[in-house]
Amino acid sequence: PDGPSGKLGSWYNYEYVREYYERPGSFIGVADYMRDSGFHRLADEHEQKYGQSHYRQLVLLEEKLERQQIKEEDWNAEIERIQLEIEEEFENWSG
């Protein structure tokens, strides 16, 4: 662990838990848990470094669809892209 020994809650090192959160086909990521727990800035920083989860991508796409910033065809294409990414992760993991 990195950080002061007496203040474990004041530091964060994703590398220690990465394997747990990045299992093949994972839909929700650690940044999503952080955001749900009120750690919005830490979640944003995490996503900048490691990327967004499939769940986060869908949430942001849905918001754009509701605001009519993207068309339904774009929504459907992105859903298909995410689905293919998840399928690829399983294929690469299994062999």
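# A tour of one predicted chain

Visitor: What share of the accessible surface of the chain belongs to carbon and sulfur atoms?
Guide: The accessible area, found by the Shrake-Rupley method with a 1.4 Å probe and, for residues, with only the protein chains shown counting as cover, comes to about 7300 Å² for the chain. The part that belongs to carbon and sulfur atoms is 49%.

Visitor: What kind of model is this?
Guide: Residues are numbered from 1 along each chain as its sequence is written, and side-chain values use heavy atoms, leaving out hydrogens and water. Local features need pLDDT of at least 70, side-chain atom pairs count only at pLDDT 80 or more, and totals for chains, interfaces and linings use all residues, since the model is predicted.

Visitor: How many helices are there in the chain?
Guide: Helices (H or I, at least four residues) and strands (E, at least two) are DSSP runs, numbered from the N terminus. The elements run α-α-α-α-α from that end. With zero strands in the chain, the number of helices is five.

Visitor: What percentage of the residues of the chain count as buried?
Guide: Buried means under 20% relative accessible area, exposed over 50%, and partly exposed in between, with a 1.4 Å probe and protein chains only. Of the 95 residues, the buried part is 23%.

Visitor: Which residues of helix 3 are buried?
Guide: Helix 3 covers residues 40-50, and its buried residues are Ala43, His46 and Glu47. They cover an arc (taken from the directions from the helix axis to the C-beta atoms) of only 100°, which puts them on the same side of helix 3. On the other side, Arg41, Gln48 and Lys49 are exposed. So the buried ones are Ala43, His46 and Glu47.

Visitor: Which helices do the buried residues of helix 3 pack against?
Guide: The test is contact, meaning heavy atoms within 4.5 Å. The buried residues of helix 3 pack against helix 2 (30-36) and helix 4 (54-66).

Visitor: Is His54 buried or exposed?
Guide: His54 is found in helix 4. Leaving aside neighbours within four places in sequence, His54 is in contact with Ser26, Phe27, Ile82, Glu85, Ile86 and Glu89. Its relative accessible area is 7%, so His54 is buried.

Visitor: How far does helix 4 reach from its first C-alpha to its last?
Guide: The expected span of a helix is 1.5 Å times one less than its number of residues. Helix 4 has 13 residues, and the expected value is 18 Å. Close to that, its reach is 18 Å.

Visitor: How far apart in space are Leu61 and Trp75, C-alpha to C-alpha?
Guide: Leu61 lies in helix 4 and counts as buried at 11% relative accessibility. Beyond four places in sequence, Leu61 is in contact with residues including Ile70, Trp75 and Ile82. Leu61 and Trp75 are 14 residues apart in sequence, and their C-alpha distance is 6.9 Å.
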